[in-house]
Amino acid sequence: MTMWRLRRAGEGDAPALAMVAAASFLETFAGILKGPDIIAHCARKSSPAQFSAWAQDAGSALTLAEHPDGAAPVGYTVLSVPDFPIPTTSDDIELRRIYALSLTRGTGIGAALMARAIDDARALGKTRLLLGVLGANRRARDFYERQGFTLAGERQFLVGESLFDDVIYARDL
């Protein structure tokens, strides 16, 4: 079994995070979302500048997963202040991103990234973890439910020029 390297990412990792973010988003949503919407979304929401801003924010935490042979970026997580249309408190944190490249499927990297995100959220003093996911993404929803998340609400989410229905999950820490 491959032993992925998970480490806290910093501002200098912004280009690597942006690259794996775009690649994993494309892999996940090609054939589901329109190509121009994927490109626009990644340019706006997954730029090196965005990852740099999160890295500089004391209320955020980023993890980078690297391949053990050569340290190529293969996955990541982002924890940040929640941005949901449901009631939240200062004890909440959002798992804004958790992605891994398809070459990692079936290796346990998803569970490892989630465990790290939970540990990071607790270290930030948070007691509830929230996340949003495309309502039609059954694979991801099944994963989150196996990780102990339950439905907490819904929202609409803009990707490029298209609006999608998301579900919001929550898990007490």
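**Reading the sheet and its helices**

Trainee: How many bridges join strand 2 to strand 3, and do the two run parallel or antiparallel?

Mentor: General idea to begin with: strands of a sheet pair through backbone hydrogen bonds, and the pairing is either parallel or antiparallel. In this model, which is a predicted one, strand 2 and strand 3 are antiparallel, with six bridges between them. To find one by eye, go to Ala61, whose bridge partner in strand 3 is Leu79.

Trainee: Let me zoom out. In what order do the strands of the sheet come?

Mentor: Read across, the order is 1-2-3-4-5-7-6, in an open sheet of seven strands with mixed pairing. Strand 1 (5-8) and strand 6 (150-159) are the edges, each pairing on one side only. From one strand to the next, the twist averages 25°.

Trainee: Which strands does helix 1 lie across?

Mentor: Helix 1 (residues 14-29) lies across strand 2, strand 3, strand 4, strand 5 and strand 6, and it runs at about 100° to strand 3. Helix 4 (residues 109-123) packs on the sheet as well, touching strands that include strand 1 and strand 7, and its direction makes about 155° with that of strand 4.

Trainee: Back to strand 2, then. How many of its residues are buried?

Mentor: Six of its six, so call strand 2 mostly covered; buried here means under 20% relative accessible area. Check the side chains: Ala61, Thr63 and Ala65 point one way, Leu62, Leu64 and Glu66 point the other, and all of them are buried.

Trainee: What should I look for in the hairpin of strand 2 and strand 3?

Mentor: Phi angles. As a rule, most residues other than glycine have a negative phi. This hairpin has six residues between its strands, and Gly70 takes a positive phi near 100°. Ala71 isn't a glycine, yet its phi is positive, near 60°.

Trainee: Is Ala71 buried, partly exposed or exposed?

Mentor: Partly exposed, because its relative accessibility is 34%.

Trainee: Now helices. At what angle do the axes of helix 1 and helix 3 cross?

Mentor: Two packed helices are described by the angle between their axes and the distance between those axes. For helix 1 and helix 3 (residues 48-56), the axes come within 8 Å and cross at roughly 120°. The two are therefore oblique to each other. The crossing is right-handed.

Trainee: Which residues meet there?

Mentor: From helix 1, Ala14, Pro15, Leu17, Ala18 and Ala21; from helix 3, Pro48, Phe51 and Ser52. By class, that contact has seven nonpolar residues, one polar and no charged ones.

Trainee: Last one: where is Asp37, and is it buried or exposed?

Mentor: Asp37 sits in helix 2 (residues 35-45). With a relative accessible area of 6%, Asp37 is buried. Setting aside neighbours within four places in sequence, its contacts are Val159, Gly160, Glu161 and Ser162. Thr104 is another matter of distance: Asp37 and Thr104 are 67 residues apart in sequence and 25 Å apart in space, C-alpha to C-alpha.

Key
Residues are numbered from 1 along each chain as its sequence is written. This is a predicted model: local features need pLDDT of at least 70, side-chain atom pairs count only at pLDDT 80 or more; totals for chains, interfaces and linings use all residues. Side-chain values use heavy atoms; hydrogens and water are left out. Axes are lines fitted to C-alpha atoms, for helices over the stretch in contact, and angles run from 0 to 180 degrees between N-to-C directions. Helices (H or I, at least four residues) and strands (E, at least two) are DSSP runs, numbered from the N terminus. Angles under 35 degrees count as roughly parallel, over 145 as roughly antiparallel, 65 to 115 as roughly perpendicular and the rest as oblique. A crossing is left-handed if the near helix is turned anticlockwise from the far one by less than a right angle, and right-handed if clockwise. Contact means heavy atoms within 4.5 Å. Ala, Val, Leu, Ile, Met, Phe, Trp, Tyr, Cys and Pro count as nonpolar, Asp, Glu, Lys and Arg as charged, and the others, Gly among them, as polar. Two strands pair if DSSP finds at least two bridges between them. Buried means under 20% relative accessible area, exposed over 50%, partly exposed in between (1.4 Å probe, protein chains only).
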